[in-house]
Amino acid sequence: MNRPFINRLEIQAVFESPGQPDQEQIQSWVDAALAGFNRDTEIVVRIVDEQESARLNEQYRHKHGPTNILSFPFEAPPNIELDLLGDLVVCAPVLKKEALEQQKALADHWAHIIVHGVLHLLGYDHIDETEAELMENKEIAILNTLNIKNPYIPVTEL
């Protein structure tokens, strides 16, 4: 009999805001993104303010200002086996601002961004159009399992 795979999650909430998801919600989104990934995993999700996000975005991506999520895949040294997939750094104020601008439920936007980040940890990217389409289709399918609408369809203004 096959044992179930375990997705361990550590939350580092160094910033807190209304509407921020709890451990259980984030775990459900991570589990949905990792469905079919047949190994134990460990992911750290750090929830930060705009200052920390901007600093990390500048340091690691050489881009100015905060961003919604940064993904840091972990690569183990040769001959070392660890379950760590990597770290996600989520900027809660940016997510809140984006959800308002895009007229999306904040929880749905959080789910999308967490799924997006986990897919980056698994090696998905959106550097070119083909990769972006593949990654977006994967996100849409995962979010559909969570009863969340396609995040790439813009809400029309009334």
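**Close-up views of the predicted model**

**View 1. Salt bridge between Glu42 and Arg8.** The closest N and O atoms of Glu42 and Arg8 are 4.0 Å apart; a salt bridge is a side-chain nitrogen of Lys or Arg within 4 Å of a carboxyl oxygen of Asp or Glu. Glu42 lies in strand β2 (residues 41-48) and Arg8 in strand β1 (residues 7-13), so the pair ties together parts that are 34 residues apart in sequence. The structure holds three salt bridges. Strands (E, at least two residues) and helices (H or I, at least four) are DSSP runs, numbered from the N terminus.

**View 2. Negative surface patch of Asp128, Glu129, Glu131 and Glu133.** Patch residues have over 30% relative accessible area (Shrake-Rupley method, 1.4 Å probe) and no salt bridge, with like charges joined within 9 Å. Asp and Glu count as negative, each charge being placed at CG of Asp or CD of Glu. Glu133 belongs to helix α5 (residues 129-145).

**Notes.** The model is predicted: local features need pLDDT of at least 70 and side-chain atom pairs pLDDT 80 or more, while totals for chains, interfaces and linings use all residues. Residues are numbered from 1 along each chain as its sequence is written, and side-chain values use heavy atoms, without hydrogens and water.

Methods
Patches are made of residues with over 30% relative accessible area and no salt bridge: like charges are joined within 9 Å, nonpolar side chains (Val, Leu, Ile, Met, Phe, Trp, Tyr) within 5 Å.
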